[in-house]
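Subject: Structure handover

Hi,

Here is the structure I promised to pass on to you. My notes on what turned up in it follow below.

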Amino acid sequence: MEETLAPALQQRREQSLYRQRRIVTGPQGSRLSLDNGSVLNFCSNDYLGLANHPDIIAALKHGADEYGVGAGASHLINGHSHAHHALEEELADFSGRARALLFSSGYMANLGVITSLVGKGDAILEDRINHASLIDAGLLSGARLQRYLHADIGSLNKHLQKQVNNKRRLIVTDGVFSMDGDLAPLPALSATAQQHHAWLMVDDAHGMGVLGKQGRGTVDHFELDKKQVPVLMGTLGKAFGTFGAFVAGSEALIETLIQQARSYIYTTALPPAVAVATRTSLELLRAADDRRDKLGTLIQQFRSGAEQLGLTLMASQTPIQPLIVGDAQQAMTLSDTLLQKHQILVSAIRPPTVPKGSARLRITLCANHTATQVDQLLSALDSSTQKMTP
Ligand SMILES: *Cc1c(COP(=O)(O)O)cnc(C)c1O
């Protein structure tokens, strides 16, 4: 086995594509403790700074006192607690849909929904840079998977016209693209879906909590309704600051998932205490306009500062602000320099997570950052990028 695996690992190292974990020794926050010291953190998805919120921590402890630790079984056996059920009702209300269903992670939610909605003889159309879990789900479903050019309605239309013989057609997109930070053109996507009698699913892992009224997400930001976006997925591990995911939609959609989604049926329910914590998190998130305003101010500060330094940003108005470097090795070097010289943690994102030649620093902002911390990042970027060969 060693002889078989080692060469591929070596090749990854040589291509600067080797992935390694850093050991974190404290909670998420604008500062993060790593085993070799405290750093400024610009790579978490905890956009509202709720992952270490005292009220949510208290709710988690309270939930553990009430329910213990493990859920004990899947939702369909005896793992579906009152806390899970109440959270589902609150998430349905939050997303303006009849029902919501909890999943143990966003990855599993996407596998479950897509494989329940389409299969052999159907077609699934996905944005090329959709999250890996959506692509994997499309492959697993057995439906014909077509990847259209990023955010390109013309390309989607072309693919749809080729798929007239398929029984069901499902269009799937990220709401906010996880590595680019831009928004999907949802109004045009929903119009195209309706025109072609296709269903539209939005994975709003990075929009929920951040965009829309009360943080309802990208679909609300564009003022689209549940008819225009019948399948809505959100994750709880990002702006919610906890863990898990949900799918929201009609009664028939949710009942179909309960009957058919294998990643729902054949897995242990989330710890109920996490559901208790998430109920508190949802309440805080809905009321967190101050945090969303602060985030908006930090985003503008970062973008105008970066522009003054001559850095090329992407067209993103969200907390995800990628800095394209291109070469994987250079992206790694830049990330290392920021950490070693400036104690700033920004992760380098390399292929295959992003297309070849578009390795980048994925900078994320959080409502807990201060203006001074953003300035520190900007001046560190200024001094580290000047030494880079163009
Ligand atoms: C993070 C993410 C997921 C996966 O969610 P987890 O709860 O972390 O498994 C799915 N889709 C998108 C767009 C994501 O960014």
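Strand 1 and strand 2 form a hairpin, with 2 residues between them. Strands here are DSSP runs of E with at least two residues, while helices are runs of H or I with at least four residues, and both are numbered from the N terminus. Before going on: this is a predicted model, where local features need pLDDT of at least 70, side-chain atom pairs count only at pLDDT 80 or more, and totals for chains, interfaces and linings use all residues. Residues are numbered from 1 along each chain as its sequence is written, and side-chain values use heavy atoms, with hydrogens and water left out.

Arg-31 stands opposite Leu-40 of strand 2. Leu-40 also has a bridge partner in strand 11, namely Ile-344. Strand 2 (residues 37–41) and strand 11 run parallel, with 2 bridges joining them, and Asn-41 stands opposite Leu-345 in strand 11. Together the 3 strands make an open sheet of mixed pairing, in the order 1-2-11. Its edge strands are strand 1 (31–34) and strand 11 (344–345), each pairing on one side only. Two strands count as paired if DSSP finds at least two bridges between them.

Now the domains. The chain is divided into domain 1 (15–48 + 289–386) and domain 2 (54–286), with bounds from an automatic or database domain assignment. Their centres, taken over C-alpha atoms, are 27 Å apart.

How do the two domains meet? In contact (heavy atoms within 4.5 Å) are 20 residues of domain 1 and 18 residues of domain 2. The area buried between them is about 1400 Å², with carbon and sulfur atoms giving 61%; buried area is the accessible area (1.4 Å probe) that two parts lose on being put together, summed over both.

Between the domains there is 1 salt bridge, a side-chain nitrogen of Lys or Arg within 4 Å of a carboxyl oxygen of Asp or Glu. The side chains of Arg-360 and Asp-180 meet in a salt bridge at 2.7 Å, N to O. On the domain 1 side that touches domain 2, helix 13 (289–308), strand 10 (320–326) and strand 13 (359–364) each supply at least two residues. Helix 13 gives the most, with 3 residues.

Best wishes
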